[in-house]
Amino acid sequence: MTSVPIAAKLVDAMSDAVVAGDPAGRITFWNAAAERMFGWPAATMLGRDFPAVPDMPTALERREAVERVLGGESVSLFTKRRRADGRLLDVWVAFSPLRARPDGPVTGWLSVIRDATRQRAIQRELRNRVELVSRLASVVAGVNSDLDLDTVLRRIAESGRELLAADAATYVVIEDGYLVIHAVSGLPARLIGERRPLEDSVVAGLLEHGRRSAAIDRRDLEHLPAAFVGHTRHLPRLAAALTHADAEPSGALFVYVSANHPPLGRAELSVLELLADAAGTAIGNARAYQRLRLSREHERAVIDATADGMAVLDGDGLVRHWNPAAYMLTGLRDVDVVGKPLPFPASEPGVVVEHQLDNGRWLEILFSRITASAETVVDFRDVTRAKEIEASKDLFLAVTSHELRTPITVIQGYASTLLRHWHDLADDERRDSVDRIAERTRALAALVEQLLLGSRAGSDVPRESVRFDLAGVLRAAVAGFSALSASHTFSLDIAPDLPTAVGDPSSAEIVLGQLLENAVKYSPDGGDITVTARARGDRVIVEVADRGLGIPDGEYLNVFDRFYQVGGERRRFGGVGLGLYIVRKLLDSQGGAVRAYPRPGGGTCFEISLPAEADVAP
């Protein structure tokens, strides 16, 4: 009987798939877990290449990983692999080099493969939650800006309706065994004050089962007020989340949707819970502020319990009370501040000011004067997240302006040509220029629509993948820029056998426009700008070369990073360093790629590639 080495038995018993291969890519080991994961037995796979991966970028990624491993590196990556039944798996793969002896040459590769399908699903769910929570942050900042209880309750109802795109919302308060409507959104104001027994309500069910939220069918509920039923008959589905004050249930936020509204799932309920938690804090703050003005004894307990930082100043402006939340926000203990001036700027009562602490946090500060005692109550809260959301909004506007600028530049070029040379142009040339303007206007309208769709979805702008005439896009782009600069010479060289490209034509126009604009912008002394297009294997390759300032060695990869500009040229040439970042993102989204390298004789060459028509199954 032939003995099997103990190491091989151990590897074969592993729960992770283990696959080894030789330098030519042929499989030399295929354990039992690999059989279970991919559906092919070892007898079938030994001596063969790994089954084809689903797309060219993934195939290139695997090829590059194996080449790096054969060079002696260890490589890890998330990717996709195909099963015997045709299904695709999200997997995590760790490649390592194989050597006959520790100091010997690399004789092959070893990969440990783990199913990452659940991990990828969790990542997608997390992205959805992050987007909802990001929106929630701005909503909470608005809710927390008021200290009047009625205003806070109304804004909570409005925020719940807006955040979940619901048709209506109510906020109810638990009072003496009843649920009483205190605020409405999307429903008549006269419903405020309607009440129903707590004991047979959704809220009672949540309390009984220890749950924070639920999504149910309103038609299953009983004892609803007749007036309320009449106004919500067309909204059969609802979700509810509890709010708490002083660790006790104090009310609930309800949102109502029509039958054709997308189901309210776990992510939406989680956001509703977060909003309800914030509502509980905001309500607690509003009530605390009211109680603060009524009783000095009660005042201290309320201030210490609130989630906001609070300080009480005496008539000389010295700190007399500093609550625990103030310590959590500033890092300053009460012994560090009591008896001293406030450690951040003061303002007039009723005026909200913002201040950044040394720890990087942003505070929103409100001063309120207590006339009877000549004291001042200072309320401050952390608005760092709101600041980050504002920065993200600024970034979106900058990216939008970059994407809109290229078609507008081309339109301007053709329009300028018509204005300056109208009488010198033949009718066909005029008509062609007008056609180009109309074509770019349509592209601009399509781009605006894409941006709107992308902003609504809270994700990257969607890109369709179709077959399109890349040569025509190149001719239009070069013709448009030729009219913009008299000091530059444009040349276009398109191979006669150039295949049809596959991707998003509007994105391709943006990419080429940005590269041509950069070529003109960064060659201020003029010179020739050449555009060539060739087929290379199953890809279409386009090169845009200029005779400009060039890119220093070591920075050819950095130029595609967000906000990066070569050699600090922002002051000279303007911009915010987003153009080439957008180029890379647009190409990545449609299976393309871009790289930069020096042009012989001076200048820069940008090479972009897109899948050719044969790359896409009919």
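Residues 24 or more positions apart supply 54% of the contacts in the protein that have a separation of 6 or more. A contact here means heavy atoms within 4.5 Å. This is a predicted model, where local features need pLDDT of at least 70, side-chain atom pairs count only at pLDDT 80 or more, and totals for chains, interfaces and linings use all residues. Residues are numbered from 1 along each chain as its sequence is written, and side-chain values use heavy atoms, with hydrogens and water left out.

The protein has 18 helices and 23 strands. Both are DSSP runs, numbered from the N terminus: helices are H or I with at least four residues, strands are E with at least two. Of its 618 residues, 45% count as buried. Buried means under 20% relative accessible area, exposed means over 50%, and partly exposed lies in between (1.4 Å probe, protein chains only). The protein exposes about 31,300 Å², and carbon and sulfur atoms supply 53% of that area. These areas come from the Shrake-Rupley method with a 1.4 Å probe; for residues, only the protein chains shown count as cover.

Now look inside. In soluble globular proteins, nonpolar side chains tend to be buried together. A nonpolar core is a set of buried Ala, Val, Leu, Ile, Met, Phe, Trp, Tyr and Cys residues joined through side-chain atoms within 4.5 Å. The largest one has 47 residues. L470, L474, L512, L515, L516, V542 and I608 touch the most other members. Leaving aside residues up to four places away in sequence, L516 touches A477, V478, F481, F490, I529, V531 and V544. A second, separate core holds 26 residues, including L153, L164, L264 and L269.

Next comes a helix pair. Helix 15 (residues 470-482) and helix 16 (residues 505-521) have axes that come within 10 Å and cross at roughly 35 degrees. The axes are lines fitted to C-alpha atoms over the stretch in contact, with angles from 0 to 180 degrees between N-to-C directions. L470, V473, L474, A477, V478 and F481 in helix 15 meet A508, E509, L512, G513, L516 and E517 in helix 16.

Two loop residues remain. Most residues other than glycine have a negative phi. A165 is not a glycine, yet has a positive phi of about 50 degrees. A165 sits in the loop between helix 6 (149-163) and strand 6 (168-175), and counts as exposed at 53% relative accessibility. D176 also has a positive phi, near 50 degrees. D176 lies in the loop between strand 6 and strand 7 (178-185), and is exposed, with a relative accessible area of 77%.
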